[in-house]
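Here is a short report on a structure with several chains. Please look at the sequence and the model first, then read on.

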Amino acid sequence: MTVFLVLVMLFAGAYLVAVLEGWTSTGRLRFAGPFWAAVALLGRESIVPRKPDRVLYETAPVLLLVSAVLAAAVLPLGPHLVIADLATGALAVNAALAYVMVALVMAGWGPDGAYAMVAGWRFLGQLVAYSMLIVMPITAVAMRAGSLVTTTIVESQAGIWNALTQPLGFVLFFLAAMAVCFLPPFDLPTAPGELAGGIEAEYAGPRLAVVRLARMVLVVSLSLAVTVFFLGGWLGPFLPGWAWTSLKTLVVAATMLTAGRYVPRLRGEHVMEWGWKLGIPLALVNIFWVGITLVLRSM
Amino acid sequence: MATLLVALVAGAVLFGIGLYGALSQTNLVMIMMGVELMLGAAMVNLVAFWRFLHPAAYSGQMFVLIVMTVMALEMAVGFGVGTARFRSRGSVEMEEAEDLKG
Amino acid sequence: MTVAALTILGPLAALVAILLFRRAPAALALLGAGVEVVSAAVTLVRVAGGANFSAALPGLPGFPLRIVVEPLTAVLAVLVAVVSVLVMVYAVGYMEGARGRVRFFAKMSFFAAMMQTLVVAGDWVLLLAAWELIGLASYLLIGFSHEKGRTGSAATRAFLYTRTADLGLYVAVFVLISRSGTSEISGTFGVGGPAAFAAGILLLLAAAGKSAQVPLQGWLQDAMVAPTPVTAFLHSATLVAAGAILLIRTFPLLSPGVLLVVGLLGGVTAVATGVTAVAERDLKRLLAASTSSQYGFMLLALGAGFPAAALFHLAAHAAMKSALFAGSGIFQRARGSTSFSDLGGSGRERPLVFTAFTVAGLALAAVPPLAGYFSKDAIVAAAYESGYGFVLLPLALAGALLTGAYVARALRLLWRGEKRAEPVAGMRWMWAGLASLTVLAVFVGFLKGALSGLIGEEIPDELVTTVVGTAAAFLGLFLGWTFTADRLLGPLRAAAENGFRLAGGVDALVAKPALALAEAVRVADERGIDGVIFALVRGARDLGERVRALQSGLVHRELALAAGGMALLLVFLAVEAMRGL
Amino acid sequence: MAQAFFTGFFGLAAIWFGVVVFRTSSMVRSALALLFSQAAIGAMFLAMQTEFLGVLQIMMMATEMAIMAIFMVMYMMDPGGLGGMDMTHQKRLSIAAGIFGGAAAVAVSLLGGWGTVGPSTMPEAQVAALGEELLGRSMLVFETAGITILTAMIAATAVAIERRR
């Protein structure tokens with residue numbers, strides 16, 4: 001039951017995000033847009049490039065979707081509205097997100113196309129830069145909660161949101177999340193106008209539909225992660241928990257989508273450089289700061 | 001008990017495969033893959049032993065963590081050396097590595 | 001106990017600090033010596049209050065290192081401490097502007113610390129260690145100004161002599177421990193019979209070596225190449241005193257036969273080296289010879305059975321002799337030499353120093369009421385009272401007469417001659433040391449009663465001997481002042497000047513065998529041990545060559561080898577397990 | 001029973017992918033096959049109620065193997081493994097060694113008398129206890145491992161970096 005509910009909400013979120021993206025990109029708010037896009041894609045012929053690495057080519061979109069869903073599976077929408085309340089939830093999110101990268105590498109290599117391959121390797125390099133910025137802020141959050149269980153993490157923010165107690169971690173995680181779901185300005189893998197769509201270049205028809213859907217779900221999952229880890233999850237007055245979660249998630253997603261629109265796309269080496277030389281030290285500072293505050297409180 | 005045996009046998013087979021790979025491959029990276037498989041087998045055994053024989057002794061899990069560390073080290077060092085060799089010789093084929101002789 | 005330990009730790013700390021900081025060595029050394037003297041004084045006070053400490057430090061299995069603080073050791077500790085601090089004060093001036101001051105003061109502190117260890121050592125092992133280290137320290141200090149020519153050989157000579165004599169101590173210690181089963185000194189006093197006799201004789205040998213008794217006196221004169229503070233320290237309270245101290249501390253062990261030998265040896269030394277002193281043409285060498293003769297007196301007192309008298313003379317002599325050396329050092333700095341031919345008249349140009357020197361000298365010559373008077377009087381009385389008075393007393397009187405003679409001769413040679421006053425660097429410090437030592441030399445004598453009370457041994461006193469002894473002393477002074485050495489000794493002088501070296505002297509007995517032995521050891525080392533080592537190295541290299549062949553550089557081959565090794569290991573383990581089942 | 005089943009299932013998966021690693025001719029495929037083999041091992045951990053390690057394994061291997069793939073491609077210039085070159089040697093020895101080693105291990109694991117099976121602990125308790133272990137008794141080991149990794153990273157970079165003269 002819970003599983004069903006969560007999945008429904010997840011895909012609903014994906015739909016809304018798609019609407020939002022259309023809105024932010026085209027400026028017109030069309031609720032039917034995603035439907036028509038989906039119909040169009042499913043209707044088209046699904047062209048397969050010459051001499052693909054079939055296994056990888058076929059697996060990649062599904063794996064992308066699955067990993068996005070798995071990432072969402074450990075994140076609670078409400079006090080009991082969570083598919084798997086793992087004891088290592090916060091870590092499991094990372095684990096699931098790591099496979100996003102795997103999926104993209106596969107999608108880049110599979111079709112045996114230059115653009116796609118470049119995109120895939122790019123994303124790999126990008127990951128090396130930002131994955132630390134996913135893990136370390138979550139570490140700080142888990143430190144405050146004293147647990148890796150996501151629900152506990154949410155409850156630990158009853159007093160005050162983590163976004164306020166550890167703004168540094170929040171900003172870093174937010175940017176890293178944008179990088180994970182390769183939204184602009186981090187959209188190196190799918191670089192419209194540069195790589196002809198990158199990993200999406202060689203996919204068409206239903207397969208492309210799956211990729212797009214997975215991308216949307218990914219955005220939702222990461223917004224959800226930001227909400228759960230930093231914005232107090234379901235906590236909030238008046239409304240029921242799931243409503244708060246969805247609201248916050250949508251707001252985060254909208255912020256992500258719009259933020260990128262006003263920044264030029266980053267170059268890969270810049271992402272790497274800032275991730276390594278700036279992000280990781282800052283994340284360490286954040287962890288240190290949280291530790292200090294915790295020690296002070298415990299005294 | 002059954003689970004323990006299953007895990008151990010699986011680990012054993014994995015180990016055999018890894019050994020075969022490490023010995024049979026000519027390419028440095030493939031050799032490393034074989035080694036990684038063997039390490040994975042070792043980890044399976046460690047976890048099985050920890051879980052079924054000494055659930056109270058957490059140094060068992062500690063061992064697994066150390067093995068993961070070793071894997072990471074192996075990757076880092078192996079690729080460092082491989083890259084250096086690739087720069088100097090243009091390949092990491094271990095067939096052509098007589099000049100590493102001491 | 002901790003306070004007593006400070007007497008050792010103070011100088012040691014100073015040594016470490018000097019070696020660490022490598023600057024302000026004089027200040028650090030003085031600080032260490034100050035700690036030493038204060039703690040020694042405190043210890044003495046406590047001991048006088050009737051307290052006796054002893055501590056066992058972990059040492060060899062079954063033989064803990066013991067430290068004993070009893071009246072005797074406390075007195076000795078204070079003696080050493082006082083002399084060392086005053087000598088340090090003097091040395092500050094003496095070494096002013098000299099090279100290698102860090103080295104110098106480090107060694108001096110080390111020396112003092114080791115001496116204290118020797119003094120309070122409660123068991124043979126620790127005593128042996130301290131004994132050796134003193135030998136080392138004196139070797140280092142005698143060879144201090146190594147840039148000068150004869151220094152090295154003199155140091156080596158002193159080292160060889162003392163080391164040879166030390167063999168006696170080793171054997172004696174082995175005998176004692178093996179007989180008594182304990183390494184505690186007081187525990188070994190129970191040993192009797194021939195073992196005790198042998199041990200006594202061997203101890204006497206060791207003591208004779210350190211205290212430069214006949215026939216091992218030769219090295220002391222050569223040791224004069226050392227800087228004057230060193231010699232002062234060496235002669236008054238440390239190296240040379242160690243011999244006498246050893247005998248004083250082990251007095252209960254010495255059987256009557258041994259005592260007779262001790263007494264005779266002391267008497268002979270007192271006379272023979274006295275003659276040498278009269279014959280010497282060099283101030284410091286004269287003083288050195290007199291040192292031997294004075295220690296001969298102490299041994300004589302011991303032999304007569306009065307350790308307290310010996311201890312008393314030791315204290316008095318420490319004050320007087322260090323004062324004399326301090327003075328001679330000033331003269332040496334003034335004239336750049338110590339031979340009388342250069343020192344003539346140097347007494348006039350420094351009346352104050354000369355006065356101090358004279359006072360100390362007269363004290364040595366036992367002129368009442370100075371320190372030497374009481375102590376030598378006690379010794380003569382002891383000789384008189386002992387069972388062998390008929391042989392010991394003449395020796396004692398002769399020694400006293402000779403003492404007076406060479407003191408007077410030294411004074412005359414220093415006084416005669418024209419004066420040429422040159423300024424001397426560091427005069428203030430030197431003068432401080434000299435003055436305080438002289439004051440000691442004057443007043444130590446009055447502590448006689450206190451001393452005997454403290455260590456509970458009576459110090460003999462006889463009217464007859466007092467009169468005779470004093471007469472002898474004055475006669476000696478008169479002779480020394482009026483006649484030259486040649487007139488006094490005549491043909492004897494030539495022999496006396498080279499220290500009665502019969503048939504090449506002891507060098508033939510000591511130095512040549514020792515050097516031959518060293519040569520043999522060197523050959524054995526180079527041929528034998530090094531050979532073995534080189535063989536091992538070569539073998540290892542060949543093995544490496546062989547193994548290298550295995551290493552093809554082909555990773556897969558080597559991996560295969562590794563796997564094979566692992567398989568062997570597994571088989572081995574399996575076999576072991578089977579055996580275990 | 002279910003536990004045994006799942007463990008065995010994932011074990012088979014791991015073995016299958018392990019075989020694939022050396023069967024395919026494509027670098028990237030073998031790298032990814034290795035990745036899934038390791039991930040299956042992580043799943044085995046999960047099946048054996050060792051949650052933290054399982055998740056950790058699954059997470060770490062993703063990155064490691066992807067990186068392995070990229071290096072593979074970098075070294076081999078082998079587009080999709082289309083070049084049908086043989087990349088093995090000393091086959092017989094290797095097969096023998098592999099079979100021997102595997103058989104020995106199997107024999108040991110089957111013949112060995114393992115003691116009684118202990119009870120399992122709750123995942124939360126596990127994580128907490130492991131944390132205690134890491135930052136308590138095994139702190140030195142842990143820190144050493146960390147320092148070693150750092151050193152290896154720096155050293156590897158230093159070795160691999162291009163000499164500029």
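This is a predicted model: local features need pLDDT of at least 70, side-chain atom pairs count only at pLDDT 80 or more; totals for chains, interfaces and linings use all residues.

## Chain C: contacts and make-up

Take the contacts in chain C with a separation of 6 or more: 82% of them are between residues 24 or more positions apart.

Chain C contains 25 helices and 2 strands. The chain has 581 residues, and 55% of them are buried.

## A helix pair inside chain C

Look at helix H17 (residues 371-385) and helix H18 (residues 389-415) of chain C. Their axes lie 7 Å apart and the two pack at an angle of about 160°. Angles over 145 degrees count as roughly antiparallel, so H17(C) is roughly antiparallel to H18(C).

Which residues make the contact between H17(C) and H18(C)? From H17(C) come C:Lys376, C:Ile379, C:Val380, C:Ala383, C:Tyr384 and C:Glu385. H18(C) supplies C:Gly389, C:Leu392, C:Leu393, C:Ala396, C:Leu397 and C:Ala400. Sorted by class, this contact has 9 nonpolar, 1 polar and 2 charged residues.

## Helix H2 of chain B

Helix H2 of chain B covers residues 28-52, which is 25 residues. At 1.5 Å a residue, H2(B) should span 36 Å.

Is H2(B) largely enclosed or largely open? Of its 25 residues, 23 are buried, so H2(B) is largely enclosed by the rest of the structure.

## Where chains B and D meet

The contact takes 63 residues from chain B and 69 from chain D.

Now follow H4(D) to a partner in chain B. Helix H1 (residues 2-24) of chain B and helix H4 (residues 91-111) of chain D have axes that come within 8 Å and cross at roughly 165°. That angle makes H1(B) roughly antiparallel to H4(D). The crossing of H1(B) past H4(D) is right-handed. The residues of this helix contact divide into 17 nonpolar, 7 polar and 1 charged.

Definitions and conventions: Residues are numbered from 1 along each chain as its sequence is written. Chains are lettered from A and ligands numbered from 1 in the order in which they are written. Helices (H or I, at least four residues) and strands (E, at least two) are DSSP runs, numbered from the N terminus. A residue is buried if 20 or more other C-beta atoms lie within 10 Å of its own, exposed if 12 or fewer, and partly exposed in between; C-beta atoms are placed from the backbone. Two residues are in contact if their C-beta atoms, placed from the backbone, lie within 7 Å. The expected span of a helix is 1.5 Å times one less than its number of residues. Axes are lines fitted to C-alpha atoms, for helices over the stretch in contact, and angles run from 0 to 180 degrees between N-to-C directions. Angles under 35 degrees count as roughly parallel, over 145 as roughly antiparallel, 65 to 115 as roughly perpendicular and the rest as oblique. A crossing is left-handed if the near helix is turned anticlockwise from the far one by less than a right angle, and right-handed if clockwise. Ala, Val, Leu, Ile, Met, Phe, Trp, Tyr, Cys and Pro count as nonpolar, Asp, Glu, Lys and Arg as charged, and the others, Gly among them, as polar.
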